[in-house]
Amino acid sequence: QHFLQLFHVYLPGTQAPLSARLSLIRDELSSPLLQHQSFAVRALGEALKAHSFSRGVGVEMQGTRMPMDDWGPTDSEIYNYWRGCLELLTPIARGMDELAALARQQIARNIMGLISFRRIGDLNQAIRGVVEARAQFAWPEAVKELRLALRLFTNRLTEEEQKALQNLLELLQPQTLAERLRDVVSLPAYDDLGGNEKEYTDEYG
């Protein structure tokens, strides 16, 4: 887990620029070993994280010397990094194996954070890229996060941005009876966040 933290945009515990970290992930993805590919996909998920950064003392503390500063990326570098991560995850997430499911999980769990930083265009491209294989799998995690984002960020998003998210939800609507039943049973209603609303508001507000 500490090693995956090195791919965070803030408090990573490394002075390596984001471009170098993305290059390392590409190398791992090109490995013939599934273990290395899985690590790379999890690293991409950590790289897409947009909030709630923290870490303890690590390799940046060496002896009695002053601790090394973390790499301080610009907004432009962060947005390019996130775009690069989504571009790597998208083709993997189209598949039907465990690695593809893991890639979809990494995209879905970062939807709220990316929207909070207005990365809707990049997110839209990634989700649509995955949904080219929509007839072969359901993606309830993405539906849940999009619904929550539309509720919590209504006052922060433009009409165009809200429309883009609504279009994604329509694209992800369940196609089969089994998917529709699972949607009803496993996903909260659009207007029913219950006690989780404050948790989401505190993190992304």
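Me: In this predicted model, contact means heavy atoms within 4.5 Å. Against which helices do the buried residues of helix 7 pack?
Reply: Helix 7 spans residues 120–130. Its buried residues include Leu123, Ala126 and Ile127. The buried residues pack against helix 4, helix 5, helix 6, helix 8 and helix 9.

Me: How are helix 4 and helix 7 oriented to each other?
Reply: Their axes lie 9 Å apart and the packing angle is about 5 degrees. Angles under 35 degrees count as roughly parallel. Helix 4 and helix 7 are therefore roughly parallel.

Me: Which residues of helix 7 make the contact with helix 4?
Reply: Helix 4 brings Tyr79, Arg83, Leu86, Thr90 and Ala93. The residues of this contact divide into six nonpolar, two polar and two charged. On the helix 7 side stand Asp122, Leu123, Ala126, Gly129 and Val130.

Me: How is helix 3 oriented to helix 5?
Reply: Helix 3 covers residues 34–47 and helix 5 covers residues 98–108. Their axes come within 9 Å and cross at roughly 10 degrees. The cut-off for this class is under 35 degrees. That makes helix 3, relative to helix 5, roughly parallel.

Me: How many charged residues are in the contact of helix 3 with helix 5?
Reply: Helix 3 contributes Leu34, Gln37, Ser38, Val41, Arg42 and Gly45. Helix 5 contributes Leu99, Leu102, Ala103 and Gln106. Arg counts as charged. Five residues of the contact are nonpolar and four are polar, and the charged count is one.

How values were computed
Residues are numbered from 1 along each chain as its sequence is written. This is a predicted model: local features need pLDDT of at least 70, side-chain atom pairs count only at pLDDT 80 or more; totals for chains, interfaces and linings use all residues. Side-chain values use heavy atoms; hydrogens and water are left out. Axes are lines fitted to C-alpha atoms, for helices over the stretch in contact, and angles run from 0 to 180 degrees between N-to-C directions. Helices (H or I, at least four residues) and strands (E, at least two) are DSSP runs, numbered from the N terminus. Angles under 35 degrees count as roughly parallel, over 145 as roughly antiparallel, 65 to 115 as roughly perpendicular and the rest as oblique. Buried means under 20% relative accessible area, exposed over 50%, partly exposed in between (1.4 Å probe, protein chains only).
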